[in-house]
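Welcome, and thanks for opening the viewer. Let's take a short walk, one selection at a time.

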Amino acid sequence: MDYSGKLDAALQNLHDEGRYRTFIDIERKMGQFPHATWRKPDGSEQAVTVWCGNDYLGMGQHPAVLEAMHEALDKTGAGSGGTRNISGTTVYHNRLETELADLHGKEAALLFTSAYIANDATLSTLPKLFPGLIIYSDQLNHASMIEGVRRNGGAKRIFRHNDVAHLRELIAADDPDAPKLIAFESLYSMDGDFGPIEEILDVADEFGALTYIDEVHAVGMYGPRGGGICERDGLMGRVDIINGTLAKAYGVMGGYIAASAKMVDAIRSYAPGFIFTTSLAPTIAAGAAASVRHLKDNQELRDQHQTQAKILKTRLKAIGLPFIDHGSHIVSVIVGNPVHTKVLSDHLLEDYGIYVQPINFPTVPRGTERLRFTPSPVHGPQEMDRLIRGLDALWSHCALNRAELSA
């Protein structure tokens with residue numbers, strides 16, 4: 001077997017399709033984000049503005065977060081020193097889980113090293129707790145949810161995206177006595193559309209199903225205390241398990257679930273993805289807890305964030321660019337071709353100092369390749385002007401002209 005040749009062929013296939021992914025080496029500037037330094041392959045440097053980051057509210061540089069992390073570092077050192085079961089649980093982990101349970105109005109919360117692991121570990125463990133469990137999963141659920149459902153060894157049904165009638169049809173066709181769980185998202189990250197949460201919860205109530213919702217792109221940014229879309233819509237109490245992240249609006253790292261104390265205890269006790277993983281560093285837990293506390297009382301920052309998203313959409317519309325608008329903060333400009341998307345991204349970076357990463361298959365369906373922008377309260381008028389000028393010039397006058405890009 002020519003293993004090296006197989007690797008060459010696999011990588012060349014990505015290059016041929018125009019969707020080979022490259023890392024852009026950037027160094028965020030403390031206190032100046034979204035400004036950063038791009039370290040080019042030739043060793044030179046260029047100032048850039050990051051327009052595709054997930055630090056949606058700039059909390060990764062907030063003084064309260066940094067102070068909490070410095071304090072924890074000085075008191076405990078760098079790492080946790082073990083798994084949660086073996087020396088890796090500290091006062092900082094317990095405080096953060098208490099903050100998260102309070103955020104979602106649940107009895108308990110459980111930390112993981114990422115929201116991906118939280119989804120994967122929880123969804124793959126639930127059939128152990130409920131033998132014969134059937135999971136009904138939205139067609140466009142995140143890869144971490146898909147992986148968790150796939151690995152659990154139980155029955156699964158995929159319903160068409162946000163299609164409650166299809167969901168109901170699938171559940172109605174199954175054994176009424178079988179345990180059931182509906183897994184879906186509150187806010188889908190690629191198109192920025194919202195899930196029909198209340199309607200799905202109604203179906204769950206009708207058929208006696210548990211519910212599992214991913215609020216990763218909504219926690220910290222929606223609801224009067226940042227509890228997500230479920231809090232905004234007054235539905236948190238009806239959802240059984242809520243998944244969230246600490247790496248986006250909260251600007252740090254980690255993921256979690258929030259649920260009843262009994263559910264959390266069971267996942268904690270049975271999920272390999274929790275049991276056998278070194279816990280988050282105390283510094284990270286301390287910073288995340290400070291961020292969660294701060295955003296519970298800072299509606300102004302959330303309002304600024306929504307305003308920036310609306311301004312960007314208005315200006316994109318004014319220059320005629322095709323973008324998706326479902327009323328959320330996610331702004332995706334559709335290019336529709338992986339090669340064209342990469343060329344646009346490269347020119348924005350090199351010519352205008354604007355960093356936005358191409359989004360290609362399999363993250364999005366073929367033919368919907370895009371540039372996804374994440375405006376934030378720390379993107380000011382000058383940054384917005386520069387972005388619009390760059391997009392307008394490239395879309396209009398680049399070798400890839402508007403007609404080609406829209407083809």
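Start by selecting Thr22, Phe23, Ile24, Asp25, Trp38, Arg39, Lys40, Pro41, Lys342, Asp346, Leu349 and Glu350, which line the second largest pocket. On a 1 Å grid over the protein atoms alone, a pocket is an open set of points where a 1.4 Å probe fits, with protein on both sides within 12 Å along at least five of seven lines, and lining residues have an atom within 4 Å of a point. This is a predicted model, where local features need pLDDT of at least 70 and side-chain atom pairs count only at pLDDT 80 or more, while totals for chains, interfaces and linings use all residues. Residues are numbered from 1 along each chain as its sequence is written, and side-chain values use heavy atoms, leaving out hydrogens and water.

Now color α13 (338–352) and β2 (35–39), each of which supplies at least two lining residues here. The largest share, 4 residues, comes from α13. (Helices are DSSP runs of H or I with at least four residues, and strands are runs of E with at least two, numbered from the N terminus.) The space in this pocket is about 160 Å³, a volume being the space filled by probe spheres set on the points, which are joined across faces, edges and corners.

Next, move to the largest pocket, with a volume of about 1,300 Å³. Select Ser189, Met190, Ile359, Thr363 and Arg372: of its 49 lining residues, these are the closest to the centre. Then show β1 (26–28), α4 (115–129), α5 (143–151), β14 (358–359) and β15 (370–373), each giving at least two residues to the lining.
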